[in-house]
Amino acid sequence: MTRSEIDVDVVDFQPGRWGNPAEPMHLSESVLGALTMLGISESAPAAVEPVLPATRIDDDTVAALTATGAVVATDDADRRARLRGFSTPDLLKFREGDGSDAPDAVVAPTTADQVTAVLAVCADRGLTLNPFAGGTSVTGGMAPGRGKPVISLDLRELTGLLDFDEVSQIATFAAGTRLPDAERLVGERGFEIGHFPQSYEGATVGGCAVTRSAGQSSIGYGRFDEMVVGLTVATPIGTAEIGTAPKSAAGPDLRQLFLGSEGALGVVTAVRVRVHPVPAVRRFYGWHFPDFAAGAAAMRAIAQGNVRPTVLRLSDEAETGLNLANPSGAGSASSSGPVGGCLMVVGFEGDEADVDCRDTYVSARIADLGGTALGTEPGEHWRLGRFRGPYLRDPLLDAGALVETLETVTFWSNIDRLKADVTASITETLGAAGTPAVVMCHISHVYPTGASLYFTVIAKALEDPLAQWGAAKRAANAAIRAAGASITHHHAIGTDHRETYLQEIGEVQVAALRAVKNAIDPDGLLSPGILLP
């Protein structure tokens, strides 16, 4: 089933498999044939239910936490439901029956005051906590250190539209509000946030803020951190209200301190975001380019111009060949367009006159830059199927494949080197183990000065796929760092990127971050091991 962002349902992601279990993906014959060419012909071993360690929370502590008004659970079913996130290593550990990262208890507050009270109990009892909302982390952000008993602070009952300023076009949401619900709430008033990451079905407003999420419409509406105008953050030393004006010269912008902090500096309980009127027109096209270099050059020209589309995305030759730019087709053969080359998706949203104007200009510009128009069918296929892409991973893992993604961002002058170096690092590492790999890449977020690169890797899973991918991931991280690019554009740091992130920011910034952590969270209650070791 394919849906647009307008009528997507909220999905309670369950650990072990991505998304809605009622709508599984199935691999097409073309994908199964490609797997055979990679030597993948046997299914993966059947998954084993994870065995959890005994909880370290005693009855007296349960009583203290319950006294805050929050709901407290220490049974295995609730703890298992908060077991890690959705990176491939997370899923592989789950399938192997590894429950070692399970929290000791799940605590679900219903108000911001209860969050503050839970923090006080944790400080008094020597507990640590990790905020949980949608749980869609793909970088180890849901597996904090376990030196002390760990509370999974489930924020999903902190939900709803708290305030709406139609004049200023600002909506204030409780942090646990799911993105589809947030869009419906402002949609009833004729407005839209316009933030549509692939985790849209399960992600929350607060989660997008603390991970610096980037949605597919980033060239039109900006990244989520650019949409945030204010935050309410509960910390062990008090509550911070941040953002009193759209822009200010009153010292450093402290919104930036908590945006991307992944719960390590405080628990975001409310988020104020800018909104815009619901677009009257949504128009998406496909364009063909002979190769990735030509398509990337065209993207740069559009991004550096004064007239831009709302969505701009380019799949490389490998991704285009498997038609993974149309996830709803699960890798089926493309129904139209030239064979070979690269597919670019270009989308416009707005009122009719605005869309007509931008469409006319940008389309003529793309044609001048060497693009061949494919019409609306490829663009609409992508738009309606864009949330389905991650669903492909589960059947691929079931089929005995190792499949994972990673992303990075750099300046335009460094794009070619970065793509080549990361691709080589992965193929050489996996190839040395005797497993040829397909490495696909696309650009989905562009700026006047640079762009992100998003890689998808498929290879045959060996006897120890965790070690197999770990070696490839370390090699890719090293290649990213050597090329001078950032370790992440929108997946965040978690634990998987932590060491490379610290190398990237350098000693001065590490010292500043540690000082802030020590000042706000002196007892190390919050998300231990996330961002900082």
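This is a predicted model: local features need pLDDT of at least 70, side-chain atom pairs count only at pLDDT 80 or more; totals for chains, interfaces and linings use all residues.
Local features here need pLDDT of at least 70 and side-chain atom pairs count only at pLDDT 80 or more, while totals for chains, interfaces and linings use all residues. Residues are numbered from 1 along each chain as its sequence is written, and side-chain values use heavy atoms, with hydrogens and water left out.

Two packed helices are described by the angle between their axes and the distance between the axes. Axes are lines fitted to C-alpha atoms, for helices over the stretch in contact, with angles from 0 to 180 degrees between N-to-C directions. Helices (H or I, at least four residues) are DSSP runs numbered from the N terminus.

| Pair | Angle | Axis distance |
|---|---|---|
| H16 (residues 415-432) and H17 (residues 465-482) | about 155° | 8 Å |
| H2 (residues 59-66) and H5 (residues 112-125) | about 155° | 9 Å |

H16 and H17 are therefore roughly antiparallel (angle over 145 degrees). On the H16 side, the contact (heavy atoms within 4.5 Å) takes in residues including Leu418, Val422 and Ile426; H17 brings in, among others, Ala471, Ala475 and Ala479. By class that contact has 11 nonpolar (Ala, Val, Leu, Ile, Met, Phe, Trp, Tyr, Cys and Pro), 2 charged (Asp, Glu, Lys and Arg) and 3 polar residues (the others, Gly among them).

Now for the other pair: H2 and H5 are therefore roughly antiparallel too. Here Asp60, Thr61, Ala64 and Leu65 of H2 meet Val118, Val121 and Arg125 of H5. That works out as 4 nonpolar, 1 polar and 2 charged residues.

Conventions: Helices (H or I, at least four residues) and strands (E, at least two) are DSSP runs, numbered from the N terminus. Angles under 35 degrees count as roughly parallel, over 145 as roughly antiparallel, 65 to 115 as roughly perpendicular and the rest as oblique.
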